[in-house]
Number of protein chains: 4
Amino acid sequence: MKPAIIVVDMLRDNFKDSPRNPYCQEGKEIIPNLQKLLEEGRKRGFPVIFACDSFLEGDFIFKGKMKVHAIRGTKGAEVIDDLERVPTDIILPKRRFGAFFKTDLDQTLRTLGIDTIVVTGITMEFCVLMTAFEGLCQDFSVILLEDCTASRSKELRKGCLDLYRENILDPLLRIMPLDQFLREVL
Amino acid sequence: MKPAIIVVDMLRDNFKDSPRNPYCQEGKEIIPNLQKLLEEGRKRGFPVIFACDSFLEGDFIFKGKMKVHAIRGTKGAEVIDDLERVPTDIILPKRRFGAFFKTDLDQTLRTLGIDTIVVTGITMEFCVLMTAFEGLCQDFSVILLEDCTASRSKELRKGCLDLYRENILDPLLRIMPLDQFLREVL
Amino acid sequence: MKPAIIVVDMLRDNFKDSPRNPYCQEGKEIIPNLQKLLEEGRKRGFPVIFACDSFLEGDFIFKGKMKVHAIRGTKGAEVIDDLERVPTDIILPKRRFGAFFKTDLDQTLRTLGIDTIVVTGITMEFCVLMTAFEGLCQDFSVILLEDCTASRSKELRKGCLDLYRENILDPLLRIMPLDQFLREVL
Amino acid sequence: MKPAIIVVDMLRDNFKDSPRNPYCQEGKEIIPNLQKLLEEGRKRGFPVIFACDSFLEGDFIFKGKMKVHAIRGTKGAEVIDDLERVPTDIILPKRRFGAFFKTDLDQTLRTLGIDTIVVTGITMEFCVLMTAFEGLCQDFSVILLEDCTASRSKELRKGCLDLYRENILDPLLRIMPLDQFLREVL
């Protein structure tokens, strides 16, 4: 297995502390696990990709109830300080849910010889799930690290993961906790 | 609203009657609703797109437990006879889950002036969901017709739909039964 | 070298004999070479892809002077009878100039283990050139077979090829006659 | 006409003064025209996109004779200082020749209501031409500003432009000098 780690949407704008932002509390709880994953992954030379929402104000995606946020070029679209970055990390602005949508991530991963993506971050049932699916479609094996992803509630995260625990694509698509992943790649 | 109807993977190979094929029974139950949708949609001039898995034998997607099926050019990759086709329908072979992945569907829909896609068929938590998400990413509003989609069990379908009943993109992404959709477009 | 042969737009509608169709005469002259290429290529097991314009009547591309032609689903969008097809050939409808644009050709070629595309057909400075460039962008080496391509005049074909005879990408992009290619792969 | 201006690959690494870099002298000659275009375009509110090569060291594109250059994240991949940038400009890193390849430029232009792209920069027969073609394929009208593009020689630029002066897509694809464009949009 030659894995790359994808961290989805751990952005300042998503971690604004506000009673109207349910992602903040849930997202904060996975930070220690993400820190451990990044540290162990970097030791092993796994590429780290921060996939970051990068919207335009006029984007279609804002024509519903979603608040304008993560605007391209603003501080709010940057990775939170709790997650350390190193120069070899790839910062990947993305225009929509998945990290592969209208980006060159597939080509980057093939150029790096990657065969597996480890998908983490928020939100489980949107951007994390879409990144996982897009990766499968691009012929990468996918590992969803369940304790490194969050949604606006634990029920929602669990509800989403439970849909895929047993799936017909296994072992191309697997769900596991961080510890199991680290044991596998040791 | 200028909608197009997308019917996902209602293919012969997915409807082979076998104790090892849980999709067959569940999928059959939505056929009457799909027939009604197609009939009413065609009366109103809505484009109908049959998005059809169209794999190569060597495809990555078959490197897991999934049985080789829906091979490009075979009868098994064709739409089931229970769903009537008319010459104006679009038969769209797709290589992976979603109907937009490496196809020209986005361009076709824009050329036709469509602003909303109505997504139906199987399987809810894979190809149907992915088609819905890809449509959103391509700036189309999405309606998931809950009683026109199936998975390998009703629990799985419901589990998936429940994740999105209340969602932050509303009303860009909506879930409703067939009757409600028909009332809206009358 | 593991090559695939791409034959671009050798379609009935492009070979209608008419004083207003300069492609017909020029295109006919390369048919013997294409026949030889296909015969020799099939002996060696090279995949053959017929990339075929497949337009909608309302397409943007028809908003200029270009006549409506090669409409999806019509006989005019089919490969001419002078070029034999065998069941293993890939018929690839394409929506615009290049064979890779909104198609799954890149994934097909990778799945087949191809590293080089041999590009032929019409028209040199549009669909043939675009297919060659898209192939390069998708990380395939490209061979343009100069005596297997045509434009609406020999001057135009030569003018286009001359731009790339010496190029900075060499040997990723090469121009050669059919005989040289056949000698290389013998 | 609602145009956007695309300036291709006017990057530091391409303007290194060296006897082995024929692009430097030719590229410098178009800078005054580009400055005028940008100034006049900004007055009229036309979006300006700097499309910039942004390669990885291991990229396929470097497996030929082309020197490693314009590496993502380096100064060499930045726009030259002679061209003024303002905060509303779009800096668009691109992985290969064309500005649309694996980028979200098509979606950005549609979101901004653009119907025409004005393509300028270097090199005429590669990245400029490819950007023009990709734009056409994405249903934008294209204007190639002949005195705002360069190649490694004037003959090469002229040879390329001459192929398309009279073309079947007219007026979707047009070639004109800067002055004519400015008169049209006054």
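I take a salt bridge to be a side-chain nitrogen of Lys or Arg within 4 Å of a carboxyl oxygen of Asp or Glu. The model I examined is predicted.

**Entry 1: salt bridges**

I looked up A:Glu40 and found that it forms a salt bridge with A:Arg44, with 2.9 Å between the closest N and O atoms. A:Glu40 is buried at a relative accessible area of 18%, whereas A:Arg44 is partly exposed at 25% relative accessibility.

In chain B I checked B:Lys43 and B:Glu40, whose side chains meet in a salt bridge at 3.3 Å, N to O. The two residues are three apart in helix H2 (residues 31–43) of chain B, and therefore about one helical turn separates them. I recorded B:Lys43 as exposed, with 60% relative accessibility, and B:Glu40 as buried, with a relative accessible area of 17%. I then noted a network in which salt bridges with shared partners join A:Asp59, A:Arg72, A:Arg95, A:Arg96, B:Asp139 and D:Asp104.

Two members of that network, A:Arg96 and A:Asp59, form a salt bridge of 3.1 Å, N to O. This pair links distant parts of the chain, 37 residues apart. A:Arg96 lies in the loop between strand S3 (90–94) and helix H3 (105–111) of chain A, and A:Asp59 in the loop between strand S2 (48–53) and S3 of chain A. I found both A:Arg96 and A:Asp59 to be buried.

**Entry 2: A:Arg157**

I located A:Arg157 in helix H5 (residues 154–162) of chain A. A:Arg157 is buried yet has no salt bridge. The nearest side chain of opposite charge, that of A:Glu26, is 5.3 Å away. I did find that the side chain of A:Arg157 reaches the backbone oxygen of A:Thr149 at 2.4 Å.

**Entry 3: the cavity**

I counted one cavity of 30 Å³ or more. The largest cavity holds about 820 Å³ of space. Its lining comprises 34 residues, and nearest its centre lie A:Lys102, B:Lys102, C:Lys102, D:Lys102 and D:Gln138. Helix H4 (124–137) of chain A, and likewise H4 (124–137) of chains B, C and D, gives two or more residues to this lining. By class I recorded 14 nonpolar, eight polar and twelve charged residues in the lining.

**Entry 4: the second largest pocket**

I noted a volume of about 1,400 Å³ for the second largest pocket. It is lined by 48 residues, those closest to its centre being B:Ile91, B:Leu92, B:Pro93, C:Arg72 and C:Pro93. Elements giving two or more residues to this lining include helix H3 (105–111) of chain B and strand S3 (90–94) of chain C. The lining divides into 21 nonpolar, ten polar and 17 charged residues.

Notes
Residues are numbered from 1 along each chain as its sequence is written. Chains are lettered from A and ligands numbered from 1 in the order in which they are written. This is a predicted model: local features need pLDDT of at least 70, side-chain atom pairs count only at pLDDT 80 or more; totals for chains, interfaces and linings use all residues. Side-chain values use heavy atoms; hydrogens and water are left out. On a 1 Å grid over the protein atoms alone, a cavity is a set of points where a 1.4 Å probe fits but cannot get out, and a pocket is an open set with protein on both sides within 12 Å along at least five of seven lines; lining residues have an atom within 4 Å of a point. Grid points are joined across faces, edges and corners, and a volume is the space filled by probe spheres set on the points. Helices (H or I, at least four residues) and strands (E, at least two) are DSSP runs, numbered from the N terminus. Ala, Val, Leu, Ile, Met, Phe, Trp, Tyr, Cys and Pro count as nonpolar, Asp, Glu, Lys and Arg as charged, and the others, Gly among them, as polar. Buried means under 20% relative accessible area, exposed over 50%, partly exposed in between (1.4 Å probe, protein chains only). Lys and Arg count as positive and Asp and Glu as negative; His and the chain ends are not counted. A polar contact is a pair of N or O atoms within 3.5 Å; within protein, one must be able to donate a hydrogen and the other to accept it, and residues adjacent in sequence count only if both atoms are side-chain atoms.
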